[in-house]
Amino acid sequence: MRNDSAEPNGIDDMRNIAVLGYGVVGGGITTVIEENCAKIRETVGDDVCVKYILDLREFPDSPYADRVVHTIDPILADDSVELVCETMGGAHPAFEYSVSCMKAGKSVVTSNKEVVATFGVELLECAKENGVQYLFEASVGGGIPVIRGINTALAADQISSVNGILNGTTNYILTKMRTESRTFDDVLAEAQVLGYAERDPSADIDGIDAKRKIMILTALASGKLVRDTDVYTETLRNVTVEDIHAAEAWGGAVKLIAGSVIDGDAIQVHVCPMFVPWSCSLAHITDVYNGISITSPVCGDVMFYGRGAGRLPTAGAVVADVCAILSDAAKMERNPVFVKADDGCVKPFDEIGFRCYIRANAGQVELCEALAAYCDGTEVLSDKAGVVEVITGKLTKPELDKIRVQFAGIESVIRVLD
């Protein structure tokens, strides 16, 4: 372990970068650079070297042990470091470190969805003010190049909607519930053993992770970063095997969908479990994979699909941003630009109507008569053994709440993706 002020030997003639946080993704960055050094050299025009690794821990068995520092100061002071990869996670001190690096003339790339969703406007402004770049391809979709796709391939189009499966953990759980008829709690426990879910899985299964990602995608599509309090977010905890089977009988699958609709200056954003018909590509995405469907007037429907998380796919996206900046390719691209959404810009979720799947311990006639007061076109899926299942016409959340009060026997309500 070297002293923080010591100068690493023999690497000053390369393109030097630093890594903040040597966890799953940070460790993957060094692996990707090692295993793809020839391709990176061809792209950048020189070798890329990780000169510093900032972490609170020691890594005595790592070949990078002599690169580890415990404060940001030597990175900020070293003019040979052109770029910093922030893979710390969390909003703080990731935000402060990123700002300090950019003020020191160093570009920053990140996989940190929380810091981008929270401070994306400020970080992009800081990059512009200091003549550097701030890229965040790895913050959404792991190795899926959706952010670059929006900024470049779809730059001439006006995106009208985004719908995505943005969390691999929840998609794995729903896949196992469907294929093996196992309960949510049972599959969650397995996902934790396999490392797909954290010991505290709330960020995944309560939609927080997907919320941050749809905030970023919506900002890229609309130019406006909404507040997290403006995104209606619903947990996956209440989905049952009966819901999964009902979706199959109806002709689709249950997925945790993060979606947004952009209509001029108005934006609507949500994250919730939904019935997705087999006619939609998102219904067929299984296990830990992610998929993002983008709709626009010119291109119609465009699908991005791939591994949405994981050490190497995410690290690969970080290194792709590194290569884009060091090769100057990023200067030729349309840089991400967005501002904070104005008050009133986001349409309240309570005003949005969705068709819904409802399962209730009630008579068919009584339930359908109650629904008729709020919507048209209720379709009865089944009515047997005292349990009725229907697909309703469009209902708002307040209307659903009233129906729940009226029928205490309602067991499940899941919205439908149209």
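Modeller: Happy to! Accessible areas here come from the Shrake-Rupley method with a 1.4 Å probe, and for residues only the protein chains shown count as cover. On that basis the protein exposes about 17600 Å², with carbon and sulfur atoms supplying 49% of it. Keep in mind that this is a predicted model, where local features need pLDDT of at least 70 and side-chain atom pairs count only at pLDDT 80 or more, while totals for chains, interfaces and linings use all residues. Residues are numbered from 1 along each chain as its sequence is written, and side-chain values use heavy atoms, leaving out hydrogens and water.

Now to the inside. Of the 418 residues, 54% are buried (under 20% relative accessible area; exposed is over 50%, partly exposed in between; 1.4 Å probe, protein chains only). The largest nonpolar core has 84 residues, a core being a set of buried Ala, Val, Leu, Ile, Met, Phe, Trp, Tyr and Cys residues joined through side-chain atoms within 4.5 Å. Ile75, Tyr134, Val146 and Phe275 have the most contacts inside this core. Helix 5 (residues 113-129) gives the core its largest share, nine residues. A second, separate core has 30 residues, among them Tyr22, Val32, Val50 and Ala317.

Leaving aside residues up to four places away in sequence, its partners include Asp243, Ala246, Ala247, Trp250, Ala253 and Val254. Phe275 also touches Tyr357, Ile391, Ile414, Arg415, Val416 and Leu417 (contact: heavy atoms within 4.5 Å). Across the protein, 72% of the contacts with a separation of 6 or more join residues 24 or more positions apart.

The C-alpha atoms fill a box of roughly 80 × 45 × 35 Å along the principal axes.

The peptide bond from His92 to Pro93 is cis, with omega near 5°, and Pro93 sits in the loop between strand 4 (81-86) and helix 4 (94-103). Ser181 is not a glycine, yet its phi is positive, near 50°. Ser181 lies in the loop between helix 7 (168-180) and helix 8 (184-194) and is partly exposed, at 42% relative accessible area.

Key: Helices (H or I, at least four residues) and strands (E, at least two) are DSSP runs, numbered from the N terminus.
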